[in-house]
Amino acid sequence: MWILLLLVSIAAVSAEPLTFYGDKVFRVVPQTYEHVELLKSIAGLTKLDFWVPDSVTLLEEGKAADFRAAYDVAYDVQALIAQSGMPFEVMIDDVQKAIDNQLNSNVRSVHSYEQYNELENIYAWTANIAAQNPNLVTRSQIGTSFEGRPIYLLKVGKAGANKNAIFIDCGFHAREWITPAFCQWFVKEAVNSYGSDPEFTNLLNNLDFYVLPVLNVDGYVYTWTNDRMWRKTRSLNKNTPCVGTDPNRNFAAGWGTNGATSSPCSEVYCGTIPESESETRALGDFIRSNLPAIKSYLTIHSYSQMLLFPYSYTHKLANDYDELFTLAEGAVNALSSLYGTQYTYGPGGKTIYLSSGGSDDWAYDTGVKYSFTFELRDTGKYGFILPESEIVETCEETMLAVKYIANHVLNNA
Ligand SMILES: [Zn+2]
């Protein structure tokens, strides 16, 4: 018996999440080549956790960057930046305090659309909402994660022949907690609106929505149990203790080139081959086997408040650039109309920076014309640690953009 107790207590200790007391998030705007080199050399000496862009290797002169510095180096990092004359501000003074304050919803229950839900409760919710709405929602499992967890997909729409479909996924990057919240919200809105809201009813009668609430299930669990700041998958890499692949560098779209690395310790590690991850492979297989019904692919990330479309792996313009640009503009205007939230939009490579292996570019090149990446709230005040009190507004405004795109798909695809 005592052995069992010992094992249980060891398990409990090892599951204690990392803390971030005194860690700071800085925003810097490197003005010169020297500023960029300084940041790279600091990052070479101590681990900086880049929030925007995704990796220190993507830094560019004149573009703002946000990163987290650990408590024991934060003051030295700040001194070096200040000394260089580089403009900077402290976005988050104490990351742990922000984490402690993120679960600030007025609602607290096993599952709620207004709180961040643990994976087990999202799983149960997928089963429940399908069971309660058999004419509108069906659940399937499209794959299994590296650690053996099911990857569930909800098909939302009224049964009908030859329907076109829109695929929406959330939870690519583990720490972007607002995104699974959006996917859950979308399904709730669909179920509640059917038969009462003419616009959404029409969409559900004539389109199917495939909603994947959490793609990177292992990483998402890990952000709850071990490290709130985890980003990648949790697959083991050969000959290194570094874990995980960036799922959004893991697709066959300029794979392994700009904005990705073949170093497993990097946050933008592209993996050994395209779709090396069980999770990305499951997604790829599903979309391939459901072409040509799938006309639109929407992948939900955070943060930055952007709506991006192909390409990200090249500066080349997409063949459908004009239509995608106009559609993005309309979607962003719809989004902003509710609370005035400002979004930027455009092709990923020109709007932020070149990055290869993204699922949106891959979907587009595979034949899914209306392919977009959302970067939800905010613009860095809380970053990945967006408090629950912003879930409702974020989801409401994002719904307007998604419905705008869906109507365009319905009328044009
Ligand atoms: Zn992301």
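Guide: A residue is buried if 20 or more other C-beta atoms, placed from the backbone, lie within 10 Å of its own; 12 or fewer make it exposed, and anything in between partly exposed. This is a predicted model: local features need pLDDT of at least 70, side-chain atom pairs count only at pLDDT 80 or more, and totals for chains, interfaces and linings use all residues. Residues are numbered from 1 along each chain as its sequence is written.

Visitor: Is Thr379 buried or exposed?

Guide: Thr379 lies in the loop between β12 and α13. Helices (H or I, at least four residues) and strands (E, at least two) are DSSP runs, numbered from the N terminus. Thr379 has 20 C-beta neighbours inside 10 Å, so it counts as buried.

Visitor: Which residues does Thr379 touch, not counting those up to four places away in sequence?

Guide: Touching means contact: C-beta atoms, placed from the backbone, within 7 Å. Lys188 is 26 Å from Thr379, C-alpha to C-alpha, and 191 residues away in sequence. The residues that Thr379 touches are Ser304 and Gln305.

Visitor: Why does Glu375 count as buried, and which residues is it in contact with beyond four places in sequence?

Guide: Glu375 counts as buried because 22 C-beta neighbours lie inside 10 Å. Its contacts, leaving aside neighbours within four places, are His301, Ser302, Tyr303, Ser304, Gln305 and Met306.

Visitor: Which strands stand at the edges of the sheet of 8 strands?

Guide: The sheet is open and mixed in pairing, with the order β5-β6-β8-β7-β9-β12-β10-β11. Two strands pair if DSSP finds at least two bridges between them. Each edge strand has a single partner, so one side is left without a neighbour in the sheet. The edge strands are β5 (137–144) and β11 (344–347).

Visitor: What is the bridge partner of Leu154 in β8?

Guide: Strand β6 (150–156) pairs with strand β8 (207–212) over 3 bridges, in the antiparallel sense. The partner of Leu154 is Val211.

Visitor: What angle does helix α13 make with β12?

Guide: Helix α13 (391–412) packs on the sheet, where it touches β7, β8, β9, β10 and β12. Axes are lines fitted to C-alpha atoms, for helices over the stretch in contact, and angles run from 0 to 180 degrees between N-to-C directions. The angle is about 170°.

Visitor: Which strands are at the edges of the sheet of 4 strands?

Guide: This open sheet is antiparallel and runs β2-β3-β1-β4. Helix α3 (74–84) lies across β1, β3 and β4, at about 15° to β1. The edge strands, each pairing on one side only, are β2 and β4.

Visitor: Which residue of β3 is the bridge partner of Asp49?

Guide: β2 and β3 (65–69) run antiparallel and are joined by 3 bridges. The partner of Asp49 is Arg68.

Visitor: How far apart are the centres of domain 1 and domain 2?

Guide: Domain 1 covers 17–102 and domain 2 covers 119–412. These bounds come from an automatic or database domain assignment. Taken over C-alpha atoms, the centres are separated by 27 Å.

Visitor: Which elements give two or more residues to the side of domain 1 that touches domain 2?

Guide: The contact takes 20 residues from domain 1 and 20 residues from domain 2. The elements are β1 (24–28), β2 (49–52) and α4 (95–102).

How values were computed: Two residues are in contact if their C-beta atoms, placed from the backbone, lie within 7 Å.
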